[in-house]
Amino acid sequence: MSIELKLNGDKPNLPADTKMIEVFIMGKRYYVPATLTIQKAIEWAGFQFLRGCGCRGGICGACPTIYRTKDDYKLKIGLACQTVVEDGMYLIQLPFVPAQKSIYHIEDERPTIAAIEKHYPETFRCVQCNTCTKACPMDIEVMQYIAEIIKGDYKKAAELSSSCIMCGMCAARCPAELQQFNVAMFVRRMYGRHVLPKAEHLQKRVREINEDKYDKFLDELAEIPNEELVNRYKEREWQPETFEDPNWQPKETKYL
Ligand code: SF4
Ligand code: SF4
Ligand code: FES
């Protein structure tokens, strides 16, 4: 987060009945509208995010914030884009949660307990306190996927952790100093590479890309004026969100 501050009076007009509350950002007092998320309140106060902010929708995991609320001794952690400010809140922004990531070659590893011992040995220190599960903004059963990893069940661990957004809030709270999100990423990669069958349609597409099938389409797109590109983007056909028809095809099939 940069420390570029706007003048406090330089604000959009607010309805007269807007409730303002007091928050402390990096130790300094600000008055912000009570309905804002932490992220918007920090911007309201005049800060501009250069790091620690991405999707603004609870998906990218870039915005963990540590805070205390008034008269509460507990140190809390939450996503700044999803947590609404409270009167008397103390806020500290984390640009990221520090965690080591093991370096390995995916072809040289196998989905075994020994691989976990080698790359993330601290995983076995879990004391099953469930703090990680309580901290997770995605409601993931973090303690449970760690238990599956310790048992060597890569399938269950991969499935349980598949919605992880890598925010690191579980690791920030873990008394045993695990790096849950990194070990879970390792497990999903191993499971995807060595256990799941290869997706035929993906292999076909990779082959076509390597055979330069799409080069001429990309060259065409590069020549199109910006405005038309924007229109094409807006008018593009969407794949149905719930994939009920496995044989669904777009109307325009020349790119397939
Ligand atoms: S917070 Fe750490 S020690 Fe506690 S259950 Fe989660 S992984 Fe295990
Ligand atoms: S498992 Fe950990 S890193 Fe993943 S979303 Fe939950 S708290 Fe964030
Ligand atoms: S900005 Fe992406 S989760 Fe908050």
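A residue is taken to be near a molecule if its C-beta atom, placed from the backbone, lies within 6 Å of it. On this basis, 15 residues surround ligand 1, the closest being Cys126, Cys129, Cys132, Cys174 and Ala176. Helix H3 (131–135) and helix H4 (142–151) are the elements that give two or more residues to this shell, and H4 contributes the largest share, three residues; helices (H or I, at least four residues) and strands (E, at least two) are DSSP runs numbered from the N terminus. By class, the shell around ligand 1 has eleven nonpolar, four polar and no charged residues, where Ala, Val, Leu, Ile, Met, Phe, Trp, Tyr, Cys and Pro count as nonpolar, Asp, Glu, Lys and Arg as charged, and the others, Gly among them, as polar.

The model is predicted, and local features need pLDDT of at least 70, side-chain atom pairs count only at pLDDT 80 or more, and totals for chains, interfaces and linings use all residues. Residues are numbered from 1 along each chain as its sequence is written, while chains are lettered from A and ligands numbered from 1 in the order in which they are written.

Ligand 2 is likewise surrounded by 15 residues, of which Cys136, Cys164, Cys167, Cys170 and Phe181 are the closest. At least two residues of this shell come from each of helix H6 (169–173) and helix H7 (180–195), and the shell divides into twelve nonpolar, three polar and no charged residues.

H4, which supplies residues to the shell around ligand 1, packs with H7 at an angle of about 50°, their axes lying 11 Å apart; axes are lines fitted to C-alpha atoms, for helices over the stretch in contact, and angles run from 0 to 180 degrees between N-to-C directions. The two helices H4 and H7 are therefore oblique to each other, given that angles under 35 degrees count as roughly parallel, over 145 as roughly antiparallel, 65 to 115 as roughly perpendicular and the rest as oblique. In this contact, Val142, Tyr145, Ile146 and Ile149 of H4 meet Gln180, Val183, Ala184 and Val187 of H7, two residues being in contact if their C-beta atoms, placed from the backbone, lie within 7 Å. The contact of H4 with H7 has seven nonpolar, one polar and no charged residues.

The protein as a whole has ten helices and five strands.
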